[in-house]
Amino acid sequence: MMRRQIPVYEPATGEVLAYVPDMSINEVRDAIDKAYDALPRIQSIPAYERARLLMKVAQAIRARKEELARLLTREIGRPIKSTRLIMERTARIYELAAQELPHVLTGEFIPLEAYDYPAGNENRIAFIRREPVGVVGAITPFNFPPDSMAHKVAPALAMGNTVVLKPSRNSPLTETEIAKIITEVGFPDGSINVVTGDSSMIGDEFVNNPKVSLITFTGSSKVGLDLASKAILRGKRVIMELGGSDAMIILEDADLNKAAQAATVGRFDYAGQFCNATKRLIVRNEVYDEFIRRFTENVSRLRIGDPLSEDTDVGPLISKEAVESMESYVNDALSKGGRIIYRASRIPERGFYYPPTILEAPFDAAVWVEEVFGPVLPVARVKDDEEAVEIANRTEYGLDASIFTRDFSRAYRLATRIKAGTIFINDTTRLRFDNLPFGGFKKSGIGRESVKDTMMEMSEVKVISYALK
């Protein structure tokens, strides 16, 4: 009987790039068993040696950077000049995990004589240490496969956990290659196990299988919150990095050129397919017309085309369904009285392309309410700062936001009122600092990801008390 396969499409052409296994539930369980059985082997490796192995992973990724970057471009459609940077960033995340390991593992010595209860504490001491949680079920998105993988896998391996990795069915190829690298540099067999197939089935198995201790997920809020609720009921740890509808506020004293460039990158980098892309633009009325003029000039200069070309700025969307979704958003806005301010006139005929589009739309249009994962950006005029903050907070998400103004005090006051995990002042929302907490308010996530924060989440705290006599 022929094994079932899942096609992986090349977004720039719409053609099949490769096939990966459509695994059965028994194969997924076997992968979890393999990860569970590998726990004693990885935990027997001294922490300093695990750190060395992580550094070797980074070196191996850099040695194959061009090959991996081209593979990544072909499977997700992101321009090659960006995927090279992604591979360098990915290597750096493994290095960060190696560097942070001694600091995270550093325990505490507690002289219990400082506390009068319970009685007899003058004859006790205590130690606090961190130990690995066990098997980590990791689910990554299509839009930044190797770096999202690194944010989950590097901290897990550093702490002595093993991983069962479920990549997106749209982008499993680069992650599978990096998983091979992890084994090749010397991590024990079973330290990382890639599973591909039905997302719901694999997610449910992560939830229900008692050998999985923690689930880390990056993806949509709807899927992530459903997964988290089921996992928590079974006593599992969760780290959820979910959706965003990031607002950019441009005040009347802003540097408009800088703001226009930040909005261009923020919305149209990788055709807008990021959780922290700028998805809503809020502009003070005093500078609205001039800002729109400069912004549309910037966007009109973006080069749309083959992502393997060194000159391309905007590539395709991930799938035909994504293109249809963008068309639906625009049609909905127009049907409710919106208007298109700018729309690119020429895109490739072959592949999953959608023209960068800027529009005005009423606030009940879907582009203002939902997370739009593509190159469509709504813009609104506001009369004052109060209205700007109110519109920024008018969403169920709270990942990032940005404010453009020359007045820091004003920016700081507004930043304290916007419900988002990170506020950028005079900068794009399309930034992430790998060792600072990343996550959001409301439905944008549970917990925070950074190399250090994730290592802490992927470890158990143990108190050891010793009676001196």
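Okay, let's start with a pair: Arg-303 and Asp-313 make a salt bridge, with 3.2 Å between the closest N and O atoms. By salt bridge I mean a side-chain nitrogen of Lys or Arg within 4 Å of a carboxyl oxygen of Asp or Glu. Both partners sit in the loop between α10 (288-300) and α11 (320-335), 10 residues apart. Arg-303 is partly exposed at 43% relative accessibility, and Asp-313 is partly exposed as well, at 21%. For the cut-offs, buried is under 20% relative accessible area, exposed is over 50%, and partly exposed is in between, with a 1.4 Å probe and protein chains only.

Before I go on, a word on what we're looking at. This is a predicted model, so to speak of local features we need pLDDT of at least 70, side-chain atom pairs count only at pLDDT 80 or more, and totals for chains, interfaces and linings use all residues. Residues are numbered from 1 along each chain as its sequence is written, and side-chain values use heavy atoms, leaving out hydrogens and water.

Now the whole chain. We have 15 helices and 20 strands; those are DSSP runs numbered from the N terminus, H or I of at least four residues for helices, E of at least two for strands. The radius of gyration is 24 Å, close to the 23 Å from the globule rule for 469 residues, so the chain is as compact as a globular protein of that length. That radius is taken over C-alpha atoms, and the rule is 2.2 Å times the number of residues to the power 0.38. Along its principal axes, the C-alpha trace spans about 80 × 65 × 40 Å. As for burial, 55% of the 469 residues count as buried. And of the contacts with a separation of 6 or more, 74% come from residues 24 or more positions apart, a contact being heavy atoms within 4.5 Å.

Back to charges. How many salt bridges does the rule give? The count comes to 46. One of them is Arg-129 with Glu-131, at 2.9 Å between the closest N and O atoms, and Arg-129 is partly exposed at 40%. Another is Asp-226 with Lys-230, 3.3 Å from N to O. Those two both lie in helix α8 (residues 221-233), four residues apart, about one turn of the helix. Asp-226 has 39% relative accessibility and Lys-230 has 31%, partly exposed too. There's also a salt-bridge network that links Glu-252, Asp-253, Arg-284, Glu-286, Asp-385 and Arg-410.

While you have that view up, find Asp-407 in the loop between β16 (400-404) and α14 (408-417). Asp-407 is partly exposed, at 33%.

Most residues other than glycine have a negative phi, and most peptide bonds are trans. So where is the cis bond? A cis peptide bond joins Tyr-117 and Pro-118, with omega about -5°, and Pro-118 is in the loop between β3 (108-111) and β4 (124-132). Then there's positive phi: Ala-271 is near 55°, in the loop between α9 (256-268) and β11 (278-284). Lys-442 has phi near 50° and belongs to strand β18 (residues 441-442). Is each of these buried or partly exposed? Ala-271 is buried at 1%, whereas Lys-442 is partly exposed at 41%.
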